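This report examines a predicted model.

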Amino acid sequence: MIEIDALTKVYGAAQVRAVDEVSLHVGTGTVFGFLGPNGAGKTTTIKMLAGLLTPTSGQVRLGGFDVARQRSAAMAQFGAVLEGSRNVYWSLSAWQNLMYFGRLKGLRKARVAERAQDLLTDLGLWERRHDKVGGFSRGMQQKVAIAAALIADPPIVLLDEPTLGLDVEATRTVKNWIAEQARELGTTILLTTHQLDVAQELCDRVAVMRQGRLVADLPTRELLARFRERDRYEIRLEGAAPPGFDAVTREGVTTINVRVSDPREVYDVVERLRAQGAVLESLTQVQPDLEDVFLALVSEPSHA
Amino acid sequence: MTFARGFAAEVRKGLLNLLAGWREALMEMITFPLFYLLIVLFMGRGQLRADLLLPVLLGMVALTFIHEQVNRVFWSYLGDIQSGVLEQTYLTPLPSAASILGRQVAAVIAAVPTALAVLATGATAAGLQGGRLPFDAQVIVPLAAIVLGTCGLSLILCGLTLVFKRIEIITQLSVAVYAIAGGTLVPLAAMPDPIAFLSRLVVPIAPGIEAMRDILLGGHSLVALPTGWGLGWLLAQPLLITAAGVIVFNRLEHLARHRGTLGRY
């Protein structure tokens with residue numbers, strides 16, 4: 001479990017509030033999406049969460065241990081893959097890296113070896129375990145970094161942009177693996193990403209930061225539901241649209257976006273189309289995705 | 001137990017890196033003895049004088065350790081910061097000082113082949129001049145004092161790196177100053193009194209080199225060292241410097257955490 005209470009970071013003489021009274025509680029086994037535009041304060045929050053930065057005020061507890069006062073116990077609960085960093089030694093092999101980080105985490109040699117074998121096998125790196133990480137592809141290096149973060153089987157894992165720069169296959173492997181860690185092993189995963197489709201697919205709950213503050217913290221479905229636009233429909237027609245409709249035609253399919261004040265008005269629109277000889281292909285209520293919600297949240301004063 | 005395992009892992013990693021960079025180690029095993037011979041040649045105005053070979057040899061061995069312990073550890077630490085690996089060592093239960101001490105032990109082991117190459121060169125050169133390389137087990141004490149005192153210096157430099165990052169010039173300068181003021185080439189007794197006083201006070205290798213010369217070249221006992229400030233200071237100085245190193249490192253690490261300069265992330 002991750003507990004963040006009134007976390008604040010103020011930088012320098014200019015008193016810039018990078019993070020302002022952020023509070024979050026993430027339950028065990030949750031995949032938690034931590035989103036926000038560049039400069040929103042995500043990295044600063046993560047650094048405080050990981051004990052790499054001292055907060056101006058507030059508290060972070062990992063698995064019940066205070067990061068500031070019980071650092072060793074808190075870090076024993078935690079593993080992380082940090083974006084923009086190598087995370088592991090490129091001059092060492094995958095096996096040597098896992099043995100090194102496992103021992104650094106305080107595990108017995110036999111336990112590290114057993115765990116390293118499982119992780120490298122799961123991630124498809126067992127055959128290359130003795131190769132230097134520097135010679136690996138970006139996706140393989142990321143897999144080694146993830147394996148190193150999980151070598152001590154921590155109950156809480158931070159994955160910062162885990163699929164950035166990966167090809168489709170590697171992305172799929174990492175996504176499946178994240179889901180498996182949370183669902184089957186009960187690992188709490190804090191996921192930060194700008195790939196909102198990845199967040200939507202994986203996250204049980206999503207928080208959005210903007211200008212150092214949380215502007216949303218809700219279960220993903222609930223967040224999407226809040227932004228569902230009950231008044232927007234998309235009508236697809238075969239062939240051209242009749243006169244009087246604002247339509248877009250691509251590859252022989254015409255799309256009309258309709259905004260109504262009462263859902264029953266949709267029947268009137270369909271009737272008008274039918275009367276003018278249009279052939280209806282589909283009629284759907286527009287469902288927002290996380291990208292729509294995200295853009296709405298970061299461009300408005302506050303939500304949730 | 002966590003400390004011991006983490007410390008051992010850090011030493012092992014340092015040795016693996018040493019093996020991976022064996023070409024660099026080999027270059028040092030060639031260049032350091034050459035450098036030693038050149039110094040003796042310059043000091044002897046073109047001659048490998050017997051009275052210079054052994055005193056400079058002892059200074060050069062000490063300098064080999066300080067070079068490895070300061071340069072190797074500083075560059076590996078800076079490299080870890082720049083590549084974004086250092087943060088991962090902070091995400092473990094291991095105290096960060098254990099990581100640096102582990103690096104120090106690996107650096108000391110890494111210095112041994114080069115030091116042995118320098119010693120072999122000195123012994124050969126001395127043999128050709130009709131002399132021989134003396135040995136007295138008591139010399140281990142000043143050598144250990146040099147290694148321990150250099151740990152303190154390295155801790156301070158690593159702490160500075162956490163806050164200020166690009167401090168290569170300070171590192172290079174400190175090794176250069178230590179090479180000159182540590183008595184590696186010229187004995188402290190031959191230096192102006194204020195400089196000799198300062199060197200004995202703060203330069204980690206200075207009392208050690210004086211003691212090594214007294215024991216090996218002068219044939220004196222460890223408990224009756226004629227030059228310098230005696231056995232008490234030989235033992236106290238590296239302990240004080242290391243204690244200062246731990247305190248300074250912790251303060252600078254605290255500052256780095258406060259400013260957010262810990263690592264690259």
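## An enclosed helix in chain B

The buried set in H9(B) includes the charged side chains B:Glu210, B:Arg213 and B:Asp214. Also buried in H9(B) are B:Ala206, B:Pro207, B:Gly208, B:Ile209, B:Ala211, B:Met212, B:Ile215 and B:Leu216. The cover over these residues includes four helices of chain B, namely H3 (50-83), H6 (140-164), H8 (193-202) and H10 (230-259).

## The interface of chain A and chain B

Chain A contributes 38 residues to the contact and chain B contributes 30 residues. About 3200 Å² of area is buried between the two chains, with carbon and sulfur atoms giving 56% of it. Across this interface 18 residue pairs are in polar contact, both residues being at pLDDT 80 or more, while the count of salt bridges between chain A and chain B is zero.

On the side of chain A that touches chain B, two or more residues come from each of strand E1 (2-11), helix H1 (42-49), helix H2 (71-75), strand E6 (78-81) and helix H3 (94-104). H3(A) gives the most, with five residues. By residue class, this side of chain A divides into 18 nonpolar, ten polar and ten charged.

## An antiparallel sheet in chain A

Strands of a sheet pair through backbone hydrogen bonds, either parallel or antiparallel. In chain A, four strands form an open sheet with antiparallel pairing, in the order E2-E1-E4-E5. Strand E2 (16-26) and strand E5 (65-66) of chain A are the edge strands, each pairing on one side only.

Within this sheet, E1(A) and strand E4 (residues 57-62) of chain A are joined over five bridges in the antiparallel sense. A:Ile4 has A:Val60 of E4(A) as its bridge partner.

Strand E7 (residues 156-160) of chain A has five of its five residues buried. Both of its faces are covered: A:Ile156, A:Leu158 and A:Asp160 lie on one side, and A:Val157 and A:Leu159 on the other.

E7(A) pairs in the parallel sense with E6(A) over four bridges, and A:Phe78 stands opposite A:Ile156. E7(A) also pairs in the parallel sense with strand E8 (residues 188-192) of chain A, over five bridges. There, A:Val157 has A:Ile189 as its bridge partner.

Definitions and conventions
Residues are numbered from 1 along each chain as its sequence is written. Chains are lettered from A and ligands numbered from 1 in the order in which they are written. This is a predicted model: local features need pLDDT of at least 70, side-chain atom pairs count only at pLDDT 80 or more; totals for chains, interfaces and linings use all residues. Side-chain values use heavy atoms; hydrogens and water are left out. Buried means under 20% relative accessible area, exposed over 50%, partly exposed in between (1.4 Å probe, protein chains only). Contact means heavy atoms within 4.5 Å. Buried area is the accessible area (1.4 Å probe) that two parts lose on being put together, summed over both. A salt bridge is a side-chain nitrogen of Lys or Arg within 4 Å of a carboxyl oxygen of Asp or Glu. A polar contact is a pair of N or O atoms within 3.5 Å; within protein, one must be able to donate a hydrogen and the other to accept it, and residues adjacent in sequence count only if both atoms are side-chain atoms. Two strands pair if DSSP finds at least two bridges between them.
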